[in-house]
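Reader: I'm new to this one, and I'd like to learn how to read its features step by step. Could you show it to me and walk me through?

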Amino acid sequence: MLYNQILSAKNNNQKLLAVLLDPDKIVLDELAVLADKINNSPATHVFVGGSIVEANIIDELIVRLKHKIELPIFLFPGNPSQISDKADAILFLTLLSGRNPDYLIEHQVNAVPVLKKTKLEVISTGYILIESGTQTAVERVSKTNPLDREDPDYAVQTALAGEFIGNKLVYLEAGSGAKNAVPLEMIRKVSDNIQVPVIVGGGIRTKKAIDDAYDSGADLVVIGTAFENDPDFFNFSSHA
């Protein structure tokens with residue numbers, strides 16, 4: 001069970017790192033080079049998905065990736081159309097920070113008939129969008145407001161509600177292309193107050209930012225835009 005591996009890593013203080021691939025930004029003919037970059041990185045997981053995915057290549061993308069890498073591939077879907085039975089697991093997201101019923105339950109209900117036909121490991125994930133200094137795709141597509149980055153206590157309250165509901169992971173997200181990452185104090189407070197693993201993503205552009213998130217309590221950090229813009233991102237000697 002992949003979730004149990006994440007739990008075990010948390011219990012052993014082993015920090016995890018996911019590379020997020022947006023199918024709309026992937027050129028399949030260049031995938032071999034990208035896969036080599038991932039293989040030479042510290043990544044432990046690959047996430048596939050995005051707020052809006054227009055390219056109908058998710059199945060082929062995952063199949064080709066699996067020929068090149070051995071890391072577990074998790075779906076990180078914006079809606080049920082992004083589900084692929086080629087992946088290993090799916091983050092079954094509930095947008096806890098918003099009050100749009102489509103993202104609290106409607107998309108999840110619609111996903112069930114599709115998921116029942118797959119062998120994907122379904123991992124209930126409380127998804128919490130944090131204000132990042134600019135409107136992100138998640139905010140625009142979900143038509144929800146992010147949580148105030150200056151109010152870590154409300155983020156804790158929201159994360160605990162997710163844990164009480166039964167979420168197995170809590171994902172603190174600043175959003176793709178975020179101007180500012182999730183505040184470290186917020187990561188720390190959430191991590192200190194919940195038992196389930198904490199994922200942090202959005203606006204993380206340097207090795208120091210990754211390490212700071214880990215030091216603040218993140219169990220898994222997600223790198224998306226920074227890796228898209230610079231596939232040599234993990235060659236840290238070239239970064240300040």
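Author: Let's start with N13, which counts as exposed because its relative accessibility is 58%. Exposed means over 50% relative accessible area, buried means under 20%, and partly exposed lies in between, using a 1.4 Å probe and protein chains only. A word on the ground rules: this is a predicted model, where local features need pLDDT of at least 70, side-chain atom pairs count only at pLDDT 80 or more, and totals for chains, interfaces and linings use all residues. Residues are numbered from 1 along each chain as its sequence is written, and side-chain values use heavy atoms, leaving out hydrogens and water.

Reader: Where does N13 lie?

Author: N13 is in the loop between α1 and β1. Those labels come from DSSP runs numbered from the N terminus: helices are H or I runs of at least four residues, and strands are E runs of at least two.

Reader: What is the phi of N13?

Author: Most residues other than glycine have a negative phi. N13 is not a glycine, yet its phi is positive, about 55 degrees. K143 belongs to the loop between α5 and α6 (152-165), and it counts as exposed, at 70% relative accessibility.

Reader: Back to helix α1, then. Which of its residues are buried?

Author: A helix turns every 3.6 residues, so residues three or four places apart point the same way. In α1, which runs over residues 2-11, the buried ones are L2, Y3, I6 and A9. They sit on the same side of α1, because their arc around the axis is only 120 degrees; the arc is that of the directions from the helix axis to the C-beta atoms.

Reader: What covers that buried side?

Author: Among the elements covering the buried residues of α1 are β1 (16-21), β2 (45-48), β3 (73-75), β4 (89-95), β5 and β6 (169-173).

Reader: And how many residues does the largest nonpolar core have?

Author: A nonpolar core is a set of buried Ala, Val, Leu, Ile, Met, Phe, Trp, Tyr and Cys residues joined through side-chain atoms within 4.5 Å. Here the largest such core has 81 residues, and those with the most contacts inside it are F47, L65, L172, V190, I210, V221 and I223. Strand β1 gives the most to this core, with six residues. Take L172 as an example: setting aside neighbours within four places in sequence, it is in contact (heavy atoms within 4.5 Å) with I128, V182, I187, V190, V198, I199, V200 and G201.

Reader: Where does UniProt place the "binding site" feature?

Author: The unreviewed UniProt entry puts it at D22 and S51. Such positions follow the numbering used here, feature names are shortened, and annotations may be inferred rather than shown by experiment.

Reader: Is D22 buried or exposed?

Author: D22 is buried, because its relative accessible area is 12%. You'll find it in the loop between β1 and α2 (31-39). The D22 side chain reaches the backbone nitrogen of D24 at 2.9 Å, and beyond its sequence neighbours within four places, D22 is in contact with G49, I52, V53 and E228.

Reader: What does S51 touch?

Author: S51, in the loop between β2 and α3 (58-68), touches G78, Q82, A137, V138 and V141, if you don't count residues up to four places away in sequence. Its side chain reaches the backbone nitrogen of V138 at 3.5 Å.

Reader: One last stop: where is T225?

Author: T225 is in helix α9, residues 225-229, and it is partly exposed because its relative accessible area is 26%. Apart from neighbours within four places in sequence, T225 is in contact with S176 and G177. The T225 side chain also reaches the backbone nitrogen of G177 at 3.3 Å.

How values were computed: Polar contact = N/O pair within 3.5 Å; in protein donor to acceptor, adjacent residues only side chain to side chain.
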